[in-house]
Each structure stands twice: as structure tokens, then as C-alpha cells.
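Reader: I'm new to this one. Could you walk me through how two chains meet, one feature at a time?

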Amino acid sequence: MAYSDKVVDHYENPRNVGTLDKSSSEVGTGLVGAPECGDVMRLQIKVNPDTQIIEDAKFKTFGCGSAIASSSLATEWVKGKTVAEALAISNTEIVKELALPPVKIHCSVLAEDAIRAAIGDWKKKNNVAETESALVGASA
Amino acid sequence: MTYFEIFSLPPKLQIDTVALEKAFYKLSREFHPDRFASKPAAEQAEATEKSSLLNDAYRALRDPIRRTEYLLELEGVELEEQSVKATESARASGTEKKQIVPADLLEEAFELNMALEEMKMAKQMGDDDPQLRKDLEAAKTNFTGMLDASGKELESHWTKWDAAVDANDDAAKSAAKDEMVALLNRRSYLRNLVRDVNAALE
């Protein structure tokens with residue numbers, strides 16, 4: 001099976017690989033895995049406490065090319081978005097952008113999960129309720 | 001007809017593989033196409049179908065992991081679709097997704113992968129440091145040991161499952177099922193680690 005050019009590009013030049021300070025209250029960390037293929041993905045976001053805008057994002061993924069490309073793309077997409085906007089990113093958009101074949105859809109699911117998990121962790125740290133952030137997102 | 005039914009076995013996991021092999025040869029002879037050469041086409045077709053089902057059944061049941069996967073499949077567990085399903089239901093209900101892989105396993109797999117990657121990177125940096133090779137060999141022994149141990153653990157879940165089937169205890173069956181799914185998931189991480197450490201040692 002051939003990978004699309006976009007997957008190859010993200011795989012060969014992954015964006016935003018790295019680590020953010022897990023202990024910072026502005027940082028949310030999501031660690032997720034797809035047992036189907038033994039992939040594990042860590043995605044971190046750094047959120048501006050005043051604007052709720054995601055100012056930085058880093059990832060580290062152990063898995064196939066599609067999993068790496070999906071998480072690399074996810075970090076690019078969440079940067080500059082508010083938390084509420086980032087939550088709206090769905091795996092189907094990632095599938096479309098990277099032209100993932102059906103057998104690799106779970107990689108995009110993993111990336112969506114990672115975004116949600118990172119935001120969930122950040123919310124927990126900052127005692128942000130679900131509804132509250134939705135309101136912030138709606139008015140932004 | 002399930003793979004268990006073709007061998008007239010109950011849907012249990014502790015199987016006498018010697019008896020299974022004997023039954024396989026006996027049934028193979030019974031369904032052998034040569035014996036149906038002079039029979040009507042419909043009977044021939046049925047024998048061919050049974051013969052092929054028998055082969056699939058034998059291959060699946062004699063292998064401990066495939067046998068477990070097959071049983072879970074019969075029980076409605078879609079191992080290949082777990083993540084997608086969980087994400088879809090979380091999205092539909094607006095709740096946070098329940099991760100299929102427990103957090104401690106993810107942490108463990110992540111840390112092990114990180115350590116392995118460091119060793120691989122150090123190896124790429126040039127000289128084949130003997131200490132590094134030792135570390136990789138140790139990691140290989142460790143991962144392989146964990147994989148073997150998980151196989152043994154699986155057998156203890158079989159015992160629980162079989163007892164629950166005998167007792168017709170749905171709650172116990174369901175608990176044993178969950179434990180087996182968790183174990184197979186863990187094995188897929190361990191398998192990858194073993195594969196990767198072997199590749200690094202080549």
C-alpha cells in the first residue's frame with residue numbers, strides 16, 4: 001500500500017515533535033493508544049489562560065507512518081485555535097487531508113483522541129467545566 | 001457452524017490439542033473430496049465446503065492466541081474496531097471517551113518505546129558501543145519475557161472462562177472476556193516492542 005504524498009511529508013518532516021512541561025498548569029497532556037496495532041501517541045498543548053488559545057503543541061508517536069502523520073497534522077491544526085475550536089476537529093478531516101486508506105482510519109481516530117485527551121487534562125488542571133469552555137468558544 | 005461446533009466442542013478455551021489433531025485427521029478423511037467423487041454435485045459441494053471450514057477451524061483452534069481471538073469474536077468483541085467504536089460512541093453521547101488501553105499500560109509502552117528509541121539513536125550515531133548492544137539485548141530479554149508471561153496469564157483467564165461457561169455464569173463470563181481483551185491488547189504492544197528491539201539489534 002502506498003502512502004499519500006502528505007503522509008510521506010509529515011512522516012519525513014514531522015512538525016512539532018517534542019515535549020512540553022507536563023507540570024505546568026498551562027499544559028495539557030494526552031496519552032492515547034490504539035491496541036489494534038500497538039501504537040502509542042502523546043500530544044501536548046500549551047494554552048493561554050486568558051484567551052484559551054492553544055499557543056503551542058508538541059507530539060511524540062510510536063507507530064506507523066499514518067499515525068505519525070496524523071499526530072503531526074493534529075499539532076499543526078490545533079495551534080492558534082481556541083480550546084473549543086480544537087475540540088471540533090474530527091478524525092474524518094484528518095482522513096481527508098492525508099488521504100488515509102480505510103485500514104489506516106484508526107490512526108486518525110488516535111489523533112482526535114489525543115487532542116481530546118490533552119484538552120481534557122488541561123481542563124481538569126484548570127477546573128474548566130465543559131459548558132463554560134463551550135460558551136467561551138461560542139463567543140470567541 | 002462455528003469452529004468449535006465442527007469439532008463438536010463446547011465454546012471453551014482449554015483444549016486438548018492432541019485430541020484436536022486426531023479429530024482433525026478423522027474429519028478430514030470423512031469430508032475428503034475423493035469420497036464424494038461419485039456423489040451428486042450438491043453433496044460434493046457440501047463436502048468441499050466442510051473440508052475448507054474444517055481446515056480454517058483447525059488452524060484457528062490449535063493456536064492459543066487465535067483461538068482466544070476467535071472466541072472473543074464469537075462473543076461479539078471486535079478487536080480490530082475497538083478504538084473507532086469507542087470514539088464514535090463518545091462523540092455521539094458528548095462524553096469523554098473511555099480509553100481502551102489502561103493508562104498504566106500506555107505509560108509503560110511509551111516509556112519502553114522511549115528507552116528503545118534512545119538506544120536505536122545512539123546506535124545510529126556511529127560506533128557499535130558494546131554497552132549499547134548489552135542494553136538492547138537486555139531489553140530484548142525483558143520484552144520477550146513479558147510477552148511469554150502474558151501467554152501464561154492468558155491461560156489463567158481461560159480457566160476462569162471455562163469455569164464460567166460450565167456454571168452458566170454470565171457475569172463471570174463477561175469479566176473473563178474483559179480480562180482477555182485487555183491482555184490481548186497488552187500483547188500487541190509487547191509484540192511491537194519485541195519486533196522493534198530485534199530490528200535494532202540486526
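Predicted model: local features only at pLDDT ≥ 70, side-chain atom pairs only at ≥ 80, totals over all residues.

Reader: Which elements of chain B touch chain A?

Author: α5 (82-93), α6 and α8 of chain B each give two or more residues to that side. α6(B) gives the most, with 7 residues. By class, the side of chain B that touches chain A has 9 nonpolar, 8 polar and 6 charged residues.

Reader: And how do I read the size of an interface?

Author: It's often given as the accessible area lost when the parts come together. Here, chain B and chain A bury about 2000 Å² between them, with 56% of it on carbon and sulfur atoms. R91(B), F110(B) and Y189(B) supply 28% of the area that chain B buries against chain A, more than any other three residues. As for contacts, 23 residues of chain B meet 21 residues of chain A.

Reader: What about the second largest pocket: which residues are closest to its centre?

Author: That pocket has a volume of about 550 Å³. Of its 23 lining residues, T61(A), F62(A), G63(A), I68(A) and E117(B) are the closest to the centre. E117(B) is the salt-bridge partner of K60(A). α8(B) gives the most to the lining, with 5 residues, and the lining has 11 nonpolar, 6 polar and 6 charged residues.

How values were computed: Residues numbered from 1 in each chain as written. Chains lettered and ligands numbered in written order. Heavy atoms only, no water. 1 Å grid on protein atoms, 1.4 Å probe; cavity = no way out; pocket = protein on both sides within 12 Å on 5 of 7 lines; lining within 4 Å. Points joined across faces, edges and corners; volume = space filled by probe spheres on them. Helix = DSSP H or I, 4+ residues; strand = E, 2+ residues; numbered from the N terminus. Nonpolar A, V, L, I, M, F, W, Y, C, P; charged D, E, K, R; others polar. Contact = heavy atoms within 4.5 Å. Buried area = accessible area lost by both parts, 1.4 Å probe. Salt bridge = Lys/Arg side-chain N within 4 Å of Asp/Glu carboxyl O.
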